[in-house]
Amino acid sequence: GETTRILTDLSRSLYTLFLYSIVGVLIKLKLFPKRSSDVYIYPVLLSPALAVLAVSLCRTLVVLDTTISVTVHLVTSSILLILLNFVPFLSCVFFFFRIGSRITEKFMLSSSNCIAVLTALHLLCSGAYNVMYNFVLCQSWDCHTVDNTEISPLRQYLNYTARPYFTTTPATTTSPDFAAYLYLAPYIVTAEVLAQIFISAVPVSYLVCVFRILKELEE
């Protein structure tokens with residue numbers, strides 16, 4: 001129902017806050033080198049999360065006419081792609097080329113590199129998923145307003161004959177456009193699974209680095 005979709009939008013904004021917190025830690029030494037500048041970190045981290053929440057809620061709650069739904073869907077999906085994938089990935093690239101080589105402390109260098117690599121891999125897989133799903137399979141505003149919690153393409157396929165998300169034709173007809181893109185479903189699911197694995201490995205990698213450092217100190 002609508003409540004579930006709103007909770008999904010809230011979880012997406014919390015994910016955005018978590019993601020920007022990770023990249024914020026990586027680039028803090030360059031952008032906010034002094035403790036006095038820490039006060040600017042919180043608005044910087046909250047702004048993308050609030051923007052994603054606003055766009056997601058609009059996509060969930062606002063009902064649009066079919067004549068403009070495709071255009072609005074393209075615009076909102078592009079905004080989310082930039083906020084959720086493009087900007088954080090550029091931050092990781094910025095870390096690799098401008099910050100990582102300047103870190104001399106062993107623990108910070110090891111943990112930062114692990115976090116940056118896993119985050120970049122997550123963003124690549126997540127970006128591939130978002131591009132294939134939002135710009136290829138889901139080509140209309142209704143794709144999200146009907147039920148944006150049913151993200152899995154396999155689940156979309158099972159429900160397609162009853163509730164066609166990808167076309168405005170009656171449910172008894174078959175959508176040639178959707179059938180043409182159905183071969184992407186395994187790739188989309190694979191990208192989604194890999195993205196979840198990489199983002200889940202970020203805190204694990206940090207704990208592993210801590211364990212290694214503590215073990216070296218004991219020796």
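At roughly what angle do the axes of helix H4 and helix H8 cross? In this predicted model, where local features need pLDDT of at least 70, side-chain atom pairs count only at pLDDT 80 or more, and totals for chains, interfaces and linings use all residues, the axes of H4 (residues 106–137) and H8 (residues 185–218) cross at roughly 170 degrees and come within 8 Å. Residues are numbered from 1 along each chain as its sequence is written, and side-chain values use heavy atoms, with hydrogens and water left out.

**The chain**
- The protein chain has eight helices and zero strands, where helices (H or I, at least four residues) and strands (E, at least two) are DSSP runs numbered from the N terminus.
- Of its 219 residues, 38% count as buried, a term that means under 20% relative accessible area with a 1.4 Å probe, protein chains only.

**Helices H4 and H8**
- H4 and H8 are therefore roughly antiparallel to each other, since angles over 145 degrees count as such; axes are lines fitted to C-alpha atoms, for helices over the stretch in contact, and angles run from 0 to 180 degrees between N-to-C directions.

- The structure holds two aromatic pairs, meaning rings of Phe, Tyr and Trp (its six-membered ring) with centres within 6.5 Å.
- One of them joins Tyr-129 and Tyr-133, 5.8 Å centre to centre and stacked at 5 degrees between the planes, as planes under 30 degrees apart count as stacked.
- These two residues are four apart in helix H4 and therefore separated by about one helical turn.
- Tyr-129 is buried at 9% relative accessible area, and Tyr-133 is buried at 5%.

Methods:
Parallel < 35°, antiparallel > 145°, perpendicular 65-115°, else oblique. Phe/Tyr/Trp six-rings, centres within 6.5 Å; stacked < 30°, edge-to-face > 60°. Buried < 20%, exposed > 50% of the residue type's maximum accessible area, 1.4 Å probe, protein only.
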